[in-house]
Amino acid sequence: MTESKRADRPDIANPVRTRAIMNTYGIAVKKSLGQNFLSDVNILHNIVSAADITDDDDVIEVGPGIGALTEQLARSANRVLAFEIDQNLIPVLAETLAPYKNVDVVNADILKVDLADEIAKHLPDAKTVKVVANLPYYITTPILMGLVSAPIDFAAIVVMMQKEVAERLSAEPGTKAYGALTLAVQYKMQARLAFTVSRTAFIPQPNVDSAIVTLTPREPLTEKPFSDDALFRLIRGCFAHRRKSLWNNLQSIFGKAPATKVELQASLDEMELAQSIRAERLSLEGFIALTNVLHTHNLF
Ligand code: SAM
């Protein structure tokens, strides 16, 4: 372990030290920012292992809080780049992470940063970039959508979220959890629910159960959509009214003009899909094929 990575104080993720840091800095937890600090070091070790962090990896963290996970990442990774929206936590992080010279903390809203620019600026020599985070749950979906649609080949995204959202990421067609988020994530990555985490591991305790999900690059798809935008417009539209049939949702997307209906019907026939089928029955490959068929019928 290099000098810059040596810990000379107890772990931040320890209930006594976490509370001491909160008292010293007068930190009143902001529920509106999803602030639930992890105070169980074993869980942090498990997260770092699930992400298989080595000193070849540069890591992006969303929401370092008081630095509990950041510290564990800094001990294993090459560099850590962490984005924290709460400016009150910036001086706290400067102090708690002072022993780790391989950490950059940026005071910014993760939903507003251009990650490719930030990587070029802070991690110019990055070999592999991974994202590891205990996400602010109120914006789990937009963060995930931002990560999977960014023009960056992440080697892994390992994130803690509400268990219910974690289940949606790895859901199979035909299940209640399967939907637009499942497909958006699975288009780029393979999702696996790694382990669940008890509420008691956090200060304060959240009122939902949590799980760690690992996302790794998926096998290449055999058929590509003619346009990613069209694929995602179709997916969003087909899940806009879950209880309605695919046919009804397609009419909401493309309109009900008689000529349009003829082309929609011809597209379904080509796909051998009944009007009554629901979107949740269609696999990712099915949505891609349907996007391309609709394109050949001039609907996109
Ligand atoms: N990583 C710490 C831990 O595990 O103890 C804190 C995790 S806490 C669940 C989420 C963190 O995300 C908080 O520190 C919160 O202030 C921060 N946060 C909330 N919204 C954010 C945003 N839009 N951009 C960046 N950070 C955000």
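How many residues of domain 1 are in contact with domain 2, and how many residues of domain 2 are in contact with domain 1? The answer is 11 residues of domain 1 and 14 residues of domain 2. The legends below describe a predicted model.

**View 1. The two domains of the chain.** The chain is divided into two parts, with domain 1 covering residues 3-217 and domain 2 covering residues 228-296. Between the C-alpha centres of domain 1 and domain 2 the distance is 36 Å.

**View 2. The interface between domain 1 and domain 2.** The size of an interface is often given as the accessible area lost when the parts come together. Here domain 1 and domain 2 bury about 970 Å² between them, and carbon and sulfur atoms account for 68% of that area. On the side of domain 1, the residues that lose the most area to domain 2 are Y178, L183 and Y187. Together these three make up 54% of what domain 1 buries.

**View 3. Polar contacts and residue classes at the interface.** Between domain 1 and domain 2 there are 0 salt bridges. Polar contact across this interface is found for 5 residue pairs. The side of domain 1 that touches domain 2 consists of 6 nonpolar, 4 polar and 1 charged residues.

**View 4. The residues around the ligand.** There are 23 residues around the ligand. Those that come nearest are L38, G63, E84, N134 and Y138.

**View 5. Polar atoms at the ligand.** A polar backbone atom of L38 is 2.8 Å from an oxygen atom of the ligand. A polar side-chain atom of D109 lies 2.9 Å from a ligand nitrogen atom, and a polar backbone atom of I110 is 2.9 Å from a nitrogen atom of the ligand. On its own the ligand has 600 Å² of accessible area, and the protein covers 99% of it.

Terms used:
Residues numbered from 1 in each chain as written. Predicted model: local features only at pLDDT ≥ 70, side-chain atom pairs only at ≥ 80, totals over all residues. Heavy atoms only, no water. Domains from an automatic or database assignment. Contact = heavy atoms within 4.5 Å. Buried area = accessible area lost by both parts, 1.4 Å probe. Salt bridge = Lys/Arg side-chain N within 4 Å of Asp/Glu carboxyl O. Polar contact = N/O pair within 3.5 Å; in protein donor to acceptor, adjacent residues only side chain to side chain. Nonpolar A, V, L, I, M, F, W, Y, C, P; charged D, E, K, R; others polar. Near = heavy atom within 4 Å. Areas by Shrake-Rupley, 256 points an atom, 1.4 Å probe, with all protein chains shown as cover.
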